[in-house]
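Colleague: I have a model open and would like to learn how to read it. Can we go through it feature by feature?

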Amino acid sequence: MGGLYPHNIAASFKPVRSWQVPFPLGASLSPAGAAMKALLRLLDQKLPATPAPVVCKCVQGFPQLVQGSLGQALPLLAAEGLDEDTFTDNFHNEIWASRTYLCYEVEHPGQGSGIPPGQEKGVLRNKSDPDPMLSRHAESFLLERIQSWKLNPEHQYRVTCFLSWSPCADCAQRMAEFLGDNRHVSLNLYASRIYSLGQYEQGLRTLKRAGASIAIMTAREFEHCWDTFVLHEGRSFQPWEGLDKESQKFSETLQSILQQEA
Ligand SMILES: [Zn+2]
C-alpha cells in the first residue's frame with residue numbers, strides 16, 4: 001500500500017465496500033472533528049479480521065483524505081488523533097478495557113532521520129482475531145513500523161510510548177530483543193495499567209534489563225497524551241477522580257515487580 005495521507009488518492013485504488021459517514025449535527029465538535037470521530041467509531045465497529053482495501057473519501061471541511069488497508073485504517077486515522085471517548089475508555093486507570101492502545105512519539109536527529117513524514121508520532125491498537133495466529137498486539141505493530149523506517153545507526157532515536165496496558169510477556173521479550181539489536185534506539189514506556197497474565201512480571205524485568213525505562217502514567221502523562229494524541233478541539237484534559245490513587249498503586253506494584261530478582 002502506498003504512502004500515508006496522500007494528497008491525491010490513487011486512481012487505481014478501488015474500495016471493496018463503502019460506508020457513508022454523515023456529519024453529526026449539533027455536535028460540540030467542528031464538522032471535521034465530528035466526522036473524524038464518527039468515522040473512527042464506524043471503522044472500529046467494522047474492522048474485519050483480515051485486512052481489506054478501503055478508501056475513505058471525505059467531503060468538504062475534512063482535514064485529510066485517507067487511504068490504506070482496513071488493517072491499517074485505524075493507525076492511519078489515529079495518526080490524526082484519538083477521539084476523546086476512545087482515549088478515556090481505554091486509558092482510564094480504574095476501568096478494565098479489552099483493547100490496548102499505544103501512543104508513541106519519536107525524538108530523532110531531524111533531517112535525515114529516515115522517519116517518513118507524519119510517522120514521528122502515532123497511535124496503534126492491537127488487532128484481535130478468533131484465530132490467535134492472526135491476532136496482533138499493538139507493540140508488534142510498533143516494532144514493525146520502526147523496523148520499516150530503517151533508521152540510521154549513526155543517530156540516536158528515543159521512542160516514548162504511552163500504553164493503555166503494559167506489555168505482555170511475549171511483547172516485552174520481543175521489545176527487549178529489538179533493543180539488543182538496535183543500540184541506536186531507546187525506549188521509554190509509560191503504562192496506564194499493568195497487564196497481569198502469564199509471565200508478565202518476568203517480561204517486564206527482561207525489558208528493563210534490556211535498557212527500556214518502564215513507568216506508570218501519572219496525571220502528567222495522561223495530560224500530555226491528551227494534548228498530543230486526542231482530538232480534543234481545544235478542551236483541556238479533565239482528570240478523573242481516583243486517577244492519582246490508582247496511578248500510585250500501579251506504580252508501587254511495578255516497582256516491586258522490577259525490583260525482584262529474575
Ligand atoms: Zn503483547
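Modeller: Start with the labels. Helices and strands are DSSP runs, numbered from the N terminus. A helix run needs at least four residues, and a strand run at least two. Keep in mind that this is a predicted model.

Colleague: How many helices and strands does the protein have?

Modeller: Eight helices and seven strands. As an example of the labels, Glu-233 sits in the loop between α7 (219-229) and α8 (243-259).

Colleague: What is the mean pLDDT of the protein?

Modeller: The mean is 78, and 69% of the residues reach 70 or more. Two stretches call for caution. Over residues 1-15 the pLDDT stays under 50, and the model has 25 contacts for them beyond four places in sequence. Residues 48-79 also have a pLDDT below 50, with 71 contacts in the model beyond near neighbours in sequence.

Colleague: How much of the protein is buried?

Modeller: First the cut-off. A residue is buried if 20 or more other C-beta atoms lie within 10 Å of its own, and exposed if 12 or fewer do. Buried residues make up 34% of the 262 residues. Then look at contacts with a separation of 6 or more: residues 24 or more positions apart account for 74% of them.

Colleague: Now helices. Why do some residues of a helix point the same way?

Modeller: An α-helix has 3.6 residues a turn, so residues three or four places apart point the same way. Now take helix α3, residues 84-91. Thr-86, Phe-87, Asn-90 and Phe-91 are buried there. Down the axis of α3, these buried residues fall within an arc of 100°, so they line one face of the helix.

Colleague: Which residues are buried in α4?

Modeller: Ala-138, Glu-139, Phe-141, Leu-142 and Ile-146. Their arc around the axis is only 155°, which puts them on the same side of α4. Glu-144 and Ser-148 are on the other side and are exposed. The helix itself spans residues 138-149, 12 residues in total. From first C-alpha to last it reaches 17 Å, close to the 16 Å expected at 1.5 Å a residue.

Colleague: What follows α4?

Modeller: Lys-150, with a positive phi near 50°. Lys-150 is not a glycine. It lies in the loop between α4 and β5. Is it buried or exposed? Lys-150 counts as exposed, because it has 9 C-beta neighbours inside 10 Å. Glu-233 also has a positive phi of about 50° and is not a glycine. Glu-233 counts as partly exposed, with 15 C-beta neighbours inside 10 Å.

Colleague: Next, strands. How do side chains sit along a regular strand?

Modeller: They alternate between the two faces of the sheet. Strand β7, residues 213-216, is a case to look at. Ile-214 and Ile-216 point to one face and are buried. Strand β6, residues 185-193, runs parallel to β7, joined by four bridges. Across that pairing, Leu-189 stands opposite Ile-214.

Colleague: In which sense do β3 and β4 pair?

Modeller: Antiparallel, over five bridges. Cys-103 stands opposite Val-123 in β4. Four of the five residues of β4 (residues 121-125) are buried, so this strand is largely enclosed by the rest of the structure. Arg-125 belongs to β4. Arg-125 is buried, with 22 other C-beta atoms within 10 Å. Its C-alpha is 9.4 Å from that of Leu-142, 17 residues apart along the chain.

Colleague: Which residues have the most contacts inside the largest nonpolar core?

Modeller: Leu-102, Cys-103, Leu-142, Cys-161, Leu-189 and Ala-191, in a core of 46 residues. Strand β5 (residues 157-165) gives the largest share of this core, six residues.

Colleague: What is Leu-102 in contact with, leaving aside its neighbours within four places in sequence?

Modeller: Leu-124, Ala-138, Glu-139, Leu-142, Cys-161 and Leu-163. Leu-102 is found in strand β3. It counts as buried, with 25 C-beta neighbours inside 10 Å. The C-alpha atoms of Leu-102 and Phe-141 are separated by 9.6 Å, 39 residues apart along the chain. Now try Ala-191. Leaving aside neighbours within four places in sequence, Ala-191 is in contact with Leu-163, Trp-165, Ser-166, Ile-216 and Met-217.

Notes
Residues are numbered from 1 along each chain as its sequence is written. This is a predicted model: local features need pLDDT of at least 70, side-chain atom pairs count only at pLDDT 80 or more; totals for chains, interfaces and linings use all residues. The expected span of a helix is 1.5 Å times one less than its number of residues. The arc is that of the directions from the helix axis to the C-beta atoms. Two residues are in contact if their C-beta atoms, placed from the backbone, lie within 7 Å. A nonpolar core is a set of buried Ala, Val, Leu, Ile, Met, Phe, Trp, Tyr and Cys residues joined through C-beta atoms within 7 Å. pLDDT is the predictor's confidence in each residue, from 0 to 100. Two strands pair if DSSP finds at least two bridges between them.
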